[in-house]
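Dear colleague,

My notes on what was found in it follow directly after.

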Amino acid sequence: MTPGGTPGAPGVVVVTGVGRYLGAHVAARLAADPRIERVIGVDPAAPNPELADLLAGVERIRLDLDSLGGLLVDLDVDAVVHLALVSAPDPQQGGRAAMKEQNVIGTMQLLAACQRAPRLRKLVVRSSTAAYGVSFRDPAVFTEETEPREVPRGGFGRDILDIEGYVRGFRRRRPGVTATVLRFAPFIGSTADTTLTRYFSQPVVPTVFGRDPRLQFVHFDDALEVLHRSVAEDHPGTYNVAGPGVLSLSQAIRRAGRVAVPVLEPGLAGVASVARNLGIGRYGLDQVDLFVHGRVVDTTRLEREYGFTPRSTAAAFDDFIRAHHGGVVVTRDQLAVAEQLVLEGIRQVRAAVRERS
């Protein structure tokens, strides 16, 4: 019998990134599980005020990942859940350099601490389907064994490849630790606040002219369920986590009651910059490439090994729509913004043509 009182359930769990939405909800859910004796949330920053009540049952320690080694040893930690990843650069927090420092260097430091923790027997790492990259040569559906055809252009996708590489090395060094890597599709749902939900919440939504990519989402509550089971049960390996089925981008925009604004593909990056400046959205190359190519993954392994099937992509998206219903009337000012996005895209294309000629 394990210290947690249930086969597979650890006694002491450390969750990184509890100052953010996902980490706080995972830590709170684990703390409410009677099979787990103690949950310790680690984050260098204090949590957002709206998350404070949620973390009432979680022991919180303000600590950088490079200082985690002594904590794991001193507290006889059984399991670590690594959620302290940044999916998009924040110019106010150091931009891309700070993002890579957090994601890649932070994960290296965490794994080094785990390497020195003698009682550790479980490691759960948040990853992303961005690990597969995007290209014109991609298969229709990715399985966990599919290798990316091209290195992702976006920083988050490249970080994910590095992170998973370090986890593979950790598995070789500590074969007795159950290491679980969860490649999540983009989160969506009634409570999720992500780059993607903000994208679909815009009254006017930039799209790529002539492209209608297939998309998959995972409901935030289903992501919590999979993370919880990964800690309370033993599921070694790498798993795709997504809702069955797909939605095309055009279907998603229509369901959300938004207005699509097609722009030419070479100008989309410029359009993204205009959108950020106008305060109607913030997304980078990872999102741009997703809206060009799309991405669909196979979840057979997850459903078989976990005995759990997330709600469908369409159902998850509909829950998001119900929670964000209203505010879909496009005003004259918003239409003017849409026109500016289109014109900016055209200017970008014309400039590119002049440079080549």
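A salt bridge is taken here as a side-chain nitrogen of Lys or Arg within 4 Å of a carboxyl oxygen of Asp or Glu. The model is a predicted one, in which local features need pLDDT of at least 70 and side-chain atom pairs count only at pLDDT 80 or more, while totals for chains, interfaces and linings use all residues. Residues are numbered from 1 along each chain as its sequence is written, and side-chain values use heavy atoms, with hydrogens and water left out.

Overall architecture

The protein chain has 12 helices and 13 strands; these are DSSP runs numbered from the N terminus, with helices being H or I over at least four residues and strands being E over at least two. Of its 357 residues, 53% count as buried. Buried means under 20% relative accessible area, exposed means over 50%, and partly exposed lies in between (1.4 Å probe, protein chains only). With a contact defined as heavy atoms within 4.5 Å, 81% of the contacts between residues at least 6 apart in sequence join residues at least 24 apart. The protein chain exposes about 15,500 Å², of which carbon and sulfur atoms supply 51%. Accessible areas come from the Shrake-Rupley method with a 1.4 Å probe, and for residues only the protein chains shown count as cover.

Salt bridges

A search of the whole structure finds 15 salt bridges. Three of them are described here.

In the pair K122 and D234, the side chains meet at 2.8 Å, N to O. K122 is buried, with a relative accessible area of 1%, whereas D234 is partly exposed at 43%.

R29 and E225 form a salt bridge at 2.1 Å, N to O. Because R29 belongs to helix α1 (residues 21–31) and E225 to helix α6 (residues 220–232), the pair ties together parts that are 196 residues apart in sequence. R29 is partly exposed at 29% relative accessible area, while E225 counts as buried at 18%. R29 and E225 are also linked with R229 in a network of salt bridges.

R119 and D76 form a salt bridge in which the closest N and O atoms are 3.9 Å apart. R119 is in the loop between α3 (95–115) and β5 (122–128), and D76 is in the loop between α2 (68–74) and β4 (79–82), so the pair ties together parts that are 43 residues apart in sequence. R119 is partly exposed at 40% relative accessibility, and D76 is partly exposed at 35%.

Most residues other than glycine have a negative phi.

Surface patch

I105, M108 and Y166 form a nonpolar patch on the surface, with about 230 Å² of accessible area together. Patches are made of residues with over 30% relative accessible area and no salt bridge; like charges are joined within 9 Å, and nonpolar side chains (Val, Leu, Ile, Met, Phe, Trp, Tyr) within 5 Å. Y166 is found in helix α4 (residues 155–173) and is partly exposed, with a relative accessible area of 31%.

With kind regards
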